[in-house]
Amino acid sequence: MDRVVRNIIHQKQSRIKSIGQPPSAKDGADGDVQIYNGRLYVKDKNVWHSFSSDSQNGTSSVGFSAQMNGDQAITLSFAPLEFDVSLIDSAGGFNTGDYKYHVQPGNEGIYFIGADVTAGDVALGVYIDVQLLHEDSTGTDKKSWEGRMSPAITANTYESISKNSIFQAAAGDTFIVKVLTEYVSAGYYIESDRTNFYGFKIG
């Protein structure tokens, strides 16, 4: 793994920003992620590094995007978000039965993986935790990111969080998104039309 990837592989990011031209040296801060014309730009140690998709390198692209068929209640223990609608799956790795993306043989490498998650009718003081998990072929957690969303001012609102990062993945590794709440309420749920799971191979 090269030095740049080692430096950014565990960065926690917000939603990717689509830009109209390549970023200049003065733009953004360390950890920012931007995309322009099919290239991903990541800033680390005040330097922008770019990654092209496999399609730009002359081979078939590897990527996926999935959504949920309906809203999902949030439970008291971490449960997978039920991404049962596959929108894009160029390498045949997304499984709508276990809601995971499975890295296929021959597609090991560096992946950019993210999820945008929105919860509805969240009361003041309630926390919704989100996990983005990278697991090996045995289901053992290799790396996970957790984020928390909670309304700060207004109750019963939509609360959103974006989690994404760069991972070194082997064949058989999987990626999955899970959520939980520590508060019992039948009213807390994940909004299907505002939630998605996506990723693509960048190296």
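Accessible areas here come from the Shrake-Rupley method with a 1.4 Å probe, and for residues only the protein chains shown count as cover. On that basis the protein has an accessible surface of about 9600 Å², and 46% of this surface belongs to carbon and sulfur atoms.

The structure is a predicted model, in which local features need pLDDT of at least 70 and side-chain atom pairs count only at pLDDT 80 or more, while totals for chains, interfaces and linings use all residues. Residues are numbered from 1 along each chain as its sequence is written, and side-chain values use heavy atoms, with hydrogens and water left out.

**Overall make-up**

The protein contains one helix and 17 strands. Helices (H or I, at least four residues) and strands (E, at least two) are DSSP runs, numbered from the N terminus. Of its 203 residues, 45% count as buried; buried means under 20% relative accessible area, exposed over 50%, and partly exposed in between (1.4 Å probe, protein chains only). A contact is a pair with heavy atoms within 4.5 Å. Among contacts between residues at least 6 apart in sequence, 65% join residues at least 24 apart.

| Residue | Relative accessible area |
|---|---|
| Leucine 81 | 0% |
| Valine 126 | 4% |
| Asparagine 107 | 16% |
| Tyrosine 99 | 19% |

Leucine 81 sits in the loop between β7 (79-80) and β8 (85-89). It counts as buried because its relative accessibility is 0%. Leaving out residues up to four places away in sequence, leucine 81 touches Met68, Gln72, Tyr99, Val117, Val177, Lys178, Val179, Ile190 and Thr195. The C-alpha atoms of leucine 81 and isoleucine 176 are separated by 7.9 Å, although these residues are 95 residues apart along the chain.

Tyrosine 99, one of the residues that leucine 81 touches, lies in the loop between β9 (94-95) and β10. Its phi is near 65 degrees, a positive value in a residue other than glycine. With 19% relative accessibility, tyrosine 99 counts as buried.

Asparagine 107 belongs to the loop between β10 (100-102) and β11 (109-122). Its relative accessibility is 16%, so it counts as buried. Apart from neighbours within four places in sequence, asparagine 107 is in contact with Val62, Ala91 and Lys201.

Valine 126 is placed in the loop between β11 and β12 (128-135). This valine is buried because its relative accessible area is 4%. Valine 126 and glutamate 182 are 56 residues apart along the chain, and their C-alpha atoms are separated by 7.7 Å.
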